[in-house]
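Hi everyone, thanks for making time this morning. Please have a look at the sequence and the structure on the screen, and I'll walk you through them.

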Amino acid sequence: LSYFEATVVIFSFLFQTFAADKVIADYGLKTSVLVNPILIGIFTIVALVIGLSFGYTIESSSFIIFFIMIAMSKLFVLSVKESVDEPSFMLYLLPIETHIKLDVQTKLEGVVTGLAMLIAGGLILMIQRFNLVDLIYMTIFAIPLILGWYFVASKLYAIYRETLQTTLVKNKAKVEHKIDREYTVDKVLEKEVNSSAEDKVIYGLKLMEKLEPTLFENAVIRLAESEYAKV
């Protein structure tokens, strides 16, 4: 068990260092939170097929393969959770409005997590009460939980998109009604993109894309018919 826990820590560190950021950046938040249930689902189904077909007790010849499948699913659920799931969930909190973000985060980490542990403990007690502690039953019980995990993760992404859209609209409205001053960031950027020098326009647009995305959208539409080839 100590070697296995060491493997989890090492795998988690390597995955977080070399792959996690790339997965989130290249494939997006939806794929990032679905990696874990998909991988665990595959290993669990393979373990179930092997266990039902060739046996899952220590006396059977296929026990070691069955055990490895279960161990691999455990490896992924722990390491991917730390390296991909947790950073992804932090990004899911970004679009939430500032005045309620702390309250939401506190309730997620406190009430929701505590309730989840309570439900998990209740399920374990129920399994023991009905004397269904056989390895194959535990594997079967995992499948609906994994399906539920996949469904909730997909639904979470859809709600995240709605929240992000609402926040962007509200922020855009705030920008449009901002007090007009000569040397605000948006004024300086607008002067850049309205310049007669081609390179200054390109530089101004690149800055605007990073600093003022709402203004960038309008500027790009307006400059689509620019007489400068690069622009």
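Let's start with the fold. The chain has seven helices and zero strands, where helices (H or I, at least four residues) and strands (E, at least two) are DSSP runs numbered from the N terminus. Along the sequence the pattern reads α-α-α-α-α-α-α. The radius of gyration is 25 Å, well over the 17 Å that the globule rule gives for 231 residues, so the chain is more spread out than a compact globule. For the record, that radius is taken over C-alpha atoms, and the globule rule is 2.2 Å times the number of residues to the power 0.38. Along its principal axes, the C-alpha trace spans about 80 × 35 × 30 Å.

A word on where this comes from. It is a predicted model, so local features need pLDDT of at least 70 and side-chain atom pairs count only at pLDDT 80 or more, while totals for chains, interfaces and linings use all residues. Residues are numbered from 1 along each chain as its sequence is written, and side-chain values use heavy atoms, with hydrogens and water left out.

How confident is the predictor? The mean pLDDT of the chain is 81, and 94% of its residues reach 70 or more; pLDDT is the predictor's confidence in each residue, from 0 to 100.

Now the whole-chain numbers. Of the 231 residues, 28% count as buried, meaning under 20% relative accessible area, with exposed over 50% and partly exposed in between (1.4 Å probe, protein chains only). Among contacts between residues at least 6 apart in sequence, 67% join residues at least 24 apart; a contact means heavy atoms within 4.5 Å.

Let's visit a few residues, going along the chain. Thr-44 is in helix H1 (residues 2-54), and it is buried at 6% relative accessibility. Not counting residues up to four places away in sequence, Thr-44 touches Ser-73, Thr-139, Ala-142, Ile-143 and Ile-146.

Next, Ile-58 sits in the loop between H1 and helix H2 (63-92). Is Ile-58 buried or exposed? At 64% relative accessibility, Ile-58 counts as exposed. Its C-alpha atom is separated by 24 Å from that of Val-77, 19 residues apart along the chain.

Further on, Gly-110 lies in helix H3 (residues 98-129) and is partly exposed, at 40%. From Gly-110 to Lys-155 there are 45 residues in sequence and 21 Å in space, C-alpha to C-alpha.

Glu-190 lies in helix H5 and is partly exposed, with a relative accessible area of 27%. Leaving aside neighbours within four places in sequence, Glu-190 is in contact with Met-208 and Leu-215. Glu-190 and Ala-19 are 171 residues apart in sequence and 38 Å apart in space, C-alpha to C-alpha.

Over in helix H6 (residues 198-211) we find Gly-204, which is buried, with a relative accessible area of 0%. Which residues does Gly-204 contact, leaving aside its neighbours within four places in sequence? They are Leu-189, Glu-192 and Val-193. The C-alpha atoms of Gly-204 and Val-193, 11 residues apart along the chain, are separated by 5.3 Å.
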